[in-house]
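The sequence and the model come first, and the text follows.

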Amino acid sequence: MEEKDIQFFKKLLNDRLQELLSQANGTVSGLKGNEDHYADPTDQAAAEADINFQLRIRDRENRLIKKIQTALDRIENGVFGICETCGDEISIERLKARPVTTQCIDCKSKEERQERLFG
Ligand SMILES: [Zn+2]
């Protein structure tokens with residue numbers, strides 16, 4: 001991969017990471033704001049459902065944050081864009097669509113087929 005492409009993805013991933021981190025902070029303060037006591041049990045249930053929903057979103061965000069950090073590590077280590085399964089280069093088009101991917105399209109679709117069969 002060319003240096004300009006590396007820089008492109010590095011910026012893309014860093015921007016996305018900052019965006020997610022600031023959102024994550026927003027979710028935490030949102031949760032703190034929900035600590036009021038509800039007189040009505042229906043409100044209480046709704047509030048708990050809302051918190052569960054927010055926690056699920058945060059869980060997904062955390063997983064994505066980890067993936068982005070892994071991708072940035074891979075940039076630092078000079079292995080970004082290399083499929084971790086077969087060692088081939090992942091196409092730029094695929095990386096643009098999914099910068100956190102660690103597998104080429106062939107290995108990914110093989111893995112998905114396996115998951116469908118055995119998962
Ligand atoms: Zn591969």
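Two residues are in contact if their C-beta atoms, placed from the backbone, lie within 7 Å. Gly81 touches Met1, Glu89, Ile90 and Leu95, not counting residues up to four places away in sequence. Residues are numbered from 1 along each chain as its sequence is written. The model is predicted, so local features need pLDDT of at least 70 and side-chain atom pairs count only at pLDDT 80 or more, while totals for chains, interfaces and linings use all residues.

**Confidence and overall layout**

pLDDT is the predictor's confidence in each residue, from 0 to 100. Its mean over the chain is 89, and 88% of the residues reach 70 or more. Among the elements, H1 has the lowest mean pLDDT (84), and helix H3 (residues 92-97) has the highest (96).

Helices (H or I, at least four residues) and strands (E, at least two) are DSSP runs, numbered from the N terminus. The chain contains 4 helices and 0 strands, and its pattern along the sequence is α-α-α-α. Of the contacts between residues at least 6 apart in sequence, 54% join residues at least 24 apart.

A residue is buried if 20 or more other C-beta atoms lie within 10 Å of its own, exposed if 12 or fewer, and partly exposed in between; the C-beta atoms are placed from the backbone. Buried residues account for 8% of the 119 residues.

The expected span of a helix is 1.5 Å times one less than its number of residues. For the 36 residues of H2 this gives 52 Å, and the end C-alpha atoms are 52 Å apart, which agrees. H2 lies largely in the open, because the number of its 36 residues that are buried is 2. After H2 comes Gly78, with a positive phi near 75°.

Helix H4 (residues 105-118) has 14 residues and should span 20 Å; its end C-alpha atoms are 20 Å apart, in agreement. H4 is hardly covered, with 0 buried residues among its 14.

**The nonpolar core**

A nonpolar core is a set of buried Ala, Val, Leu, Ile, Met, Phe, Trp, Tyr and Cys residues joined through C-beta atoms within 7 Å. The largest one has 8 residues: Phe9, Leu13, Ile68, Ala71, Phe80, Ile90, Leu95 and Cys104. Helix H1 (3-32) and helix H2 (41-76) each supply at least two residues of this core. Domain 1 (1-80) and domain 2 (81-119), whose bounds come from an automatic or database domain assignment, each give the core at least three residues. In soluble globular proteins, nonpolar side chains tend to be buried together.

Which residues does Phe9 touch beyond its sequence neighbours? Leaving out residues up to four places away, Phe9 touches Ile75, Phe80, Leu95 and Pro99. Phe9 is in helix H1 and counts as buried because it has 21 C-beta neighbours inside 10 Å.

Leu13 is also placed in helix H1. With 21 other C-beta atoms within 10 Å, Leu13 is buried. Its contacts, not counting residues up to four places away in sequence, are Ile68, Ala71, Leu72 and Pro99. Seen from Ile68, with neighbours within four places left aside, the contacts are Leu13, Arg16, Leu17 and Val100.

**Two buried loop residues**

Why does Gly81 count as buried? Gly81 has 23 C-beta neighbours inside 10 Å, so the residue counts as buried. Gly81 is found in the loop between H2 and H3.

Pro99 is in the loop between H3 and H4. Pro99 is buried, with 20 other C-beta atoms within 10 Å. Leaving aside neighbours within four places in sequence, Pro99 is in contact with Phe9, Leu12, Leu13 and Ala71.

**C-alpha distances**

The table gives C-alpha to C-alpha distances for residue pairs that include those discussed above.

| Pair | Separation in sequence | C-alpha distance |
|---|---|---|
| Phe9 and Pro99 | 90 residues | 7.1 Å |
| Gly81 and Met1 | 80 residues | 7.4 Å |
| Pro99 and Phe80 | 19 residues | 9.3 Å |
| Leu13 and Ile65 | 52 residues | 9.7 Å |
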